[in-house]
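This report describes selected local features of one protein chain.

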Amino acid sequence: MLVRYTGMSLKSQFYLYSFGFILTVLGMILTDMWLPMVVGALILMGLIVESWIHIFHLVPLHQEIRSLKKQMEKLQHHYQDEKEL
């Protein structure tokens, strides 16, 4: 969706987007600026969903891939050692 800011952790970004969404909804309730607020709420909702996907799916997937690569390298190294004997 948007380029992720790397200076903040994913959870901090999620909390920031959630706080912004709550403020936007509160602004929609309290003011007459409905159209800009709806657009802002939709954008923030998209960022919240993207953060959830990153936190609960992509980060664990990358960690699993890293561990599988390490296991594969160990197995290849072990196989090469046995082959040399």
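## Nonpolar surface patch

In this predicted model, a nonpolar surface patch is formed by Met45, Val49, Ile53, Leu58, Leu61 and Ile65, whose accessible area together is about 460 Å². Patches consist of residues with over 30% relative accessible area and no salt bridge; like charges are joined within 9 Å, and nonpolar side chains (Val, Leu, Ile, Met, Phe, Trp, Tyr) within 5 Å. A salt bridge is a side-chain nitrogen of Lys or Arg within 4 Å of a carboxyl oxygen of Asp or Glu. Areas are computed by the Shrake-Rupley method with a 1.4 Å probe, and for residues only the protein chains shown count as cover.

One of the patch residues, Leu58, belongs to helix H2. Helices (H or I, at least four residues) are DSSP runs numbered from the N terminus. Leu58 has a relative accessible area of 31% and is therefore partly exposed; buried means under 20%, exposed over 50%, and partly exposed in between (1.4 Å probe, protein chains only).

## Aromatic pairs

The model contains three aromatic pairs. Rings of Phe, Tyr and Trp (its six-membered ring) pair if their centres lie within 6.5 Å; planes under 30 degrees apart are stacked, over 60 edge-to-face, and the rest tilted. Phe14 and Tyr15 make a tilted pair, at 5.7 Å centre to centre and 55° between the planes. Phe14 is buried because its relative accessibility is 16%, whereas Tyr15, at 57%, is exposed.

Phe14 also pairs edge-to-face with Trp52, at 5.6 Å centre to centre and 70° between the planes. This pair connects distant parts of the chain, with Phe14 in helix H1 and Trp52 in helix H2 (residues 34-84), 38 residues apart. Trp52 is partly exposed, at 43% relative accessibility. Ring pairs join Phe14, Tyr15, Trp52 and Phe56 into a cluster.

## Surroundings of Thr24

Thr24 is located in helix H1 (residues 10-30) and is buried, with 12% relative accessibility. A polar atom of the Thr24 side chain lies 2.7 Å from the backbone oxygen of Gly20. Leaving aside residues up to four places away in sequence, Thr24 touches Met37, Gly40, Ala41 and Leu44, where contact means heavy atoms within 4.5 Å.

## Basis of the values

Residues are numbered from 1 along each chain as its sequence is written, and side-chain values use heavy atoms, without hydrogens and water. Local features need pLDDT of at least 70 and side-chain atom pairs count only at pLDDT 80 or more, while totals for chains, interfaces and linings use all residues.

Conventions: Helices (H or I, at least four residues) and strands (E, at least two) are DSSP runs, numbered from the N terminus. A polar contact is a pair of N or O atoms within 3.5 Å; within protein, one must be able to donate a hydrogen and the other to accept it, and residues adjacent in sequence count only if both atoms are side-chain atoms.
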